[in-house]
Amino acid sequence: MRSAIKAIVAGGFAAGLLFAMAGNAAAEPPPTPGVLDYTSVGSDTLQGLENAIQADWNATSPAHKYVSWNATGGGSIVPKGTGTSACASITRPNGSGSGITNLAANAVTGAGDAGAHYCINIARSSRGPQAGDPTGLTWLNLAKDDVSWAADASGNAPSNLTRAQLANIFACTPGYTHWNDPAIGGTSSDTIYPVLPQPGSGTRSFWLSALGVAAGSCVDTTTNPEENEGTNAIFTGAHKANVIFPYSGAVYAAQHFNSHGAGDEGTLTIRDIDGQSPVNASGTPRTINPNFTTPTPAADKNKFLRIVYKVIRTTALNTTGTKDGSVYADLAAPYNISTHTGGYECQYSTSAPFPTPEQELLSYGFASLGAQCGAVAAQT
């Protein structure tokens with residue numbers, strides 16, 4: 001991936017990339033999707049990228065448009081269809097878990113649609129399968145991300161914490177609750193204020209799993225700010241100087257460096273773990289550091305690197321004979337670089353110029369999986 005990024009810079013391709021991509025992310029799908037269109041819901045981490053892919057795919061005048069419903073915005077949505085063909089209204093799915101649950105509900109369009117198409121075809125997920133997830137689903141690789149932590153730019157947090165320090169902070173271990181505790185080594189006597197994003201957030205569950213802890217009693221699990229944002233009042237109020245918050249490296253790169261959602265990070269800045277940065281120090285566009293690892297102990301290497309996924313029904317794999325239509329072949333299947341065939345979103349190149357989907361992926365801060373995009377990662 002590093003060689004690919006260097007190729008962008010060397011080829012002069014990157015200079016216009018951010019300007020070309022910056023306007024692609026629609027806030028919501030206009031108009032209401034038809035019964036034959038493909039719809040996705042779920043992860044906020046993937047919202048910006050999927051909105052951009054939505055615009056690019058639909059610009060090709062496909063038989064089936066792609067509609068990616070935002071995780072943010074609240075309220076209810078009608079996933080697809082109008083009149084007697086409309087799906088039932090649902091609470092807007094916000095987060096990987098909610099997206100997966102709504103996909104697995106298998107709701108279909110109304111009586112006016114003789115084909116009874118599924119209302120939701122894809123769940124965006126920033127986590128893999130978990131115990132208790134519904135059966136009959138397939139996780140398909142999409143891109144590489146990482147997760148680190150963020151804190152106020154002028155607050156009391158240091159630029160770096162170790163995995164062990166972070167695990168103890170989020171477990172609320174005595175001796176790890178104030179910045180000047182010897183185990184932390186800071187100067188302020190203020191209390192550290194760890195915060196987790198909203199329930200159902202894939203970033204929330206991934207972060208705790210990477211740390212290997214359950215959230216302790218000192219962790220704010222009730223404010224529930226949206227993942228990957230710094231505009232909630234919890235980041236501007238009394239706890240501002242002492243908050244620490246998990247954050248996607250790709251989303252931070254997209255917001256802070258690549259002009260996507262600029263300002264959504266507020267005054268939060270992403271920080272290092274074990275002396276390593278989650279975001280590449282240079283390049284245009286800026287992307288995650290694909291070598292973001294914890295060096296010691298060896299068993300913890302790569303704890304904070306993750307794959308993000310498109311989740312589909314297993315019955316939609318390699319077939320068009322279901323209520324999901326050709327969603328897998330059209331959008332999510334692996335891409336053959338020799339024959340230039342495969343799912344739209346998995347198109348890639350090993351050197352510039354990159355196809356539009358890979359340009360979007362890099363512009364939104366992720367690292368490409370190349371030929372592994374679209375591969376089956378897990379099934380339930």
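**Ground rules.** I am working with a predicted model, where local features need pLDDT of at least 70, side-chain atom pairs count only at pLDDT 80 or more, and totals for chains, interfaces and linings use all residues. Residues are numbered from 1 along each chain as its sequence is written, and side-chain values use heavy atoms, with hydrogens and water left out.

**Entry 1: two helices.** I looked up helix H5 (residues 163-171) and helix H6 (residues 202-211), which pack at an angle of about 115 degrees with their axes 9 Å apart. Helices here are DSSP runs of H or I with at least four residues, and strands are runs of E with at least two, numbered from the N terminus. The axes are lines fitted to C-alpha atoms, for helices over the stretch in contact, and angles run from 0 to 180 degrees between N-to-C directions. Which residues make the contact? From H5 they are Arg163, Leu166, Ala167 and Phe170, and from H6 they are Trp207, Ala210 and Leu211. Contact means heavy atoms within 4.5 Å.

**Entry 2: aromatic pairs.** I searched the whole structure and found nine aromatic pairs. Rings of Phe, Tyr and Trp (its six-membered ring) pair if their centres lie within 6.5 Å; planes under 30 degrees apart are stacked, over 60 edge-to-face, and the rest tilted. Phe245 and Tyr247 have ring centres 6.4 Å apart and planes at 75 degrees, so I noted this pair as edge-to-face. Phe245 is buried at 0% relative accessibility, and Tyr247 is buried with a relative accessible area of 0%. Buried means under 20% relative accessible area, exposed over 50%, and partly exposed in between (1.4 Å probe, protein chains only). Phe245 and Tyr247 also belong to one aromatic cluster with Phe235, Tyr252 and Phe257.

I then checked Tyr335 and Tyr348, an edge-to-face pair at 6.2 Å centre to centre, with 75 degrees between the planes. Both lie in the loop between helix H8 (327-332) and helix H9 (356-363), so the pair ties together parts that are 13 residues apart in sequence.

**Entry 3: charges over rings.** The charged end of Arg286 sits over the ring of Phe257, 3.7 Å from its centre. Arg313 lies over the face of Tyr118, at 3.6 Å from the ring centre. To count, NZ of Lys or CZ of Arg must be within 6 Å of the ring centre and within 35 degrees of the ring normal.

**Entry 4: helix H4.** Which residues of helix H4 (residues 96-104) are buried? I listed Ser96, Gly97, Gly99, Ile100, Asn102 and Leu103. Their packing partners include strand S1 (38-42), strand S6 (137-152) and H6.
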